Amino acid sequence: MDHPQTARVEMKFCEFYDKWMGQLEEHLRLLLVAPMQQQQQSGEAEFKCIVNKLTAHHKAYYTFKWAAAHEDVLAIFTPVWLSPLENAYLWITGWKPSTAFRLVESLKAARSESGASLAGLSEEQVGRIEALRLKIKAEEERVEREMERQQVAMADKKMVQLARLDSLAKKNGEAAAVDGLVEVALKGMLAGLERVMKMADCVRLKTIKGVLDVLSPMQCVQFLAATSMLHIQIRKWGNNSNKSSHQI
């Protein structure tokens, strides 16, 4: 049974995430019609406006997520608002930044009459994207090392001693004597998890900003349309798969 605080955070985030995904679908519709405006003189200004709306939408997600994590970070590490498929592809509570560069490669190789490709990337843009990819890869590794440090710390000498002390205290009916020590240790562990989550989110945000800084307004629309569509479709596939498994 969930702790009342965890249940409250989960309920709030479920409501927020459903609404956020609905808004993402609305933004996607704008992104998909944007290429049709390419020939219009006002097209570039319109592209920038759409890109700004979508980046603000993503920032709103992380603002809400960080506030929720501060209430109960474990709820964010075990998100009940995601399907098992979505959970299987999580990298420290979210998407792995490296996937953005794989998506750029896929779009660069694509040819689409609707303009949903990045086939027109210049050599300079390709070089800048590659430099960003290497930088982000190094930052991913730094986050993974910190996550590993948090996980390994579970078995350090102090934690082992505290576990033994807590077990003995409960046997002797003196649990209250070590409850304070356990609470302090748990707070430290949760603070560490929250810190790693924020590190990972910062790399995600840096990746999106870095890629968009390299692309033209039209290319930004193409990239964001592809990322949004992938996000939405994986959620739909995951939900459908989850429904099918429950019907068996």
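A nonpolar surface patch, as used here, is made of residues with over 30% relative accessible area and no salt bridge, whose nonpolar side chains are joined within 5 Å. In this predicted model, Leu230, Ile234 and Trp237 form such a patch, and together they have about 280 Å² of accessible area. The protein has 248 residues, arranged with nine helices and zero strands.

**Overall build**
- Read from the N terminus, the elements run α-α-α-α-α-α-α-α-α.
- Of the 248 residues, 38% count as buried.
- The accessible surface of the protein comes to about 14900 Å², and 57% of that surface belongs to carbon and sulfur atoms.
- Among contacts with a separation of 6 or more, 79% are between residues 24 or more positions apart in the chain.

- Tryptophan 237, one of the patch residues, is found in helix 9, which covers residues 217-247.
- The relative accessibility of tryptophan 237 is 49%, so this residue counts as partly exposed.

**The annotated coiled-coil region**
- An unreviewed UniProt entry lists residues 122-149 as "coiled-coil region".
- In the model, that span is 96% helix and 0% strand.

**Salt bridges in helix 6**
- The whole structure holds 16 salt bridges.
- Arginine 133 pairs with glutamate 130 in one of them, with the closest N and O atoms 2.8 Å apart.
- Arginine 133 and glutamate 130 are three residues apart in helix 6 (residues 123-152), so about one helical turn separates them.
- Arginine 133 is partly exposed at 29% relative accessible area, and glutamate 130 is partly exposed at 33%.
- Glutamate 141 forms a salt bridge with lysine 137, where the closest N and O atoms are also 2.8 Å apart.
- Glutamate 141 and lysine 137 are four residues apart in helix 6, and the separation is again about one helical turn.
- Glutamate 141 has 33% relative accessibility and counts as partly exposed, as does lysine 137 with 37%.

**Salt bridges elsewhere**
- The side chains of aspartate 213 and lysine 209 meet in a salt bridge, at 2.9 Å from N to O.
- Both residues of this pair lie in helix 8 (residues 176-214), four residues apart, or about one turn of the helix.
- Aspartate 213 is partly exposed, with a relative accessible area of 46%, whereas lysine 209 counts as exposed at 52%.

**Histidine 27 in helix 1**
- Histidine 27 sits in helix 1, which covers residues 4-33.
- With 17% relative accessibility, histidine 27 counts as buried, because buried means under 20%.
- Apart from its neighbours within four places in sequence, histidine 27 is in contact with Lys53, Leu54 and His57.

**Cysteines**
- The count of disulfides is zero, where a disulfide would need a pair of cysteine sulfur atoms within 2.5 Å.
- Cysteine 202 has a relative accessible area of 38% and is partly exposed.
- Cysteine 220, in contrast, is buried, with a relative accessible area of 5%.

Methods: Residues are numbered from 1 along each chain as its sequence is written. This is a predicted model: local features need pLDDT of at least 70, side-chain atom pairs count only at pLDDT 80 or more; totals for chains, interfaces and linings use all residues. Side-chain values use heavy atoms; hydrogens and water are left out. UniProt positions are given in the numbering used here, feature names are shortened, and annotations may be inferred rather than shown by experiment. Helices (H or I, at least four residues) and strands (E, at least two) are DSSP runs, numbered from the N terminus. Patches are made of residues with over 30% relative accessible area and no salt bridge: like charges are joined within 9 Å, nonpolar side chains (Val, Leu, Ile, Met, Phe, Trp, Tyr) within 5 Å. Accessible areas come from the Shrake-Rupley method with a 1.4 Å probe; for residues, only the protein chains shown count as cover. A salt bridge is a side-chain nitrogen of Lys or Arg within 4 Å of a carboxyl oxygen of Asp or Glu. Buried means under 20% relative accessible area, exposed over 50%, partly exposed in between (1.4 Å probe, protein chains only). Contact means heavy atoms within 4.5 Å.
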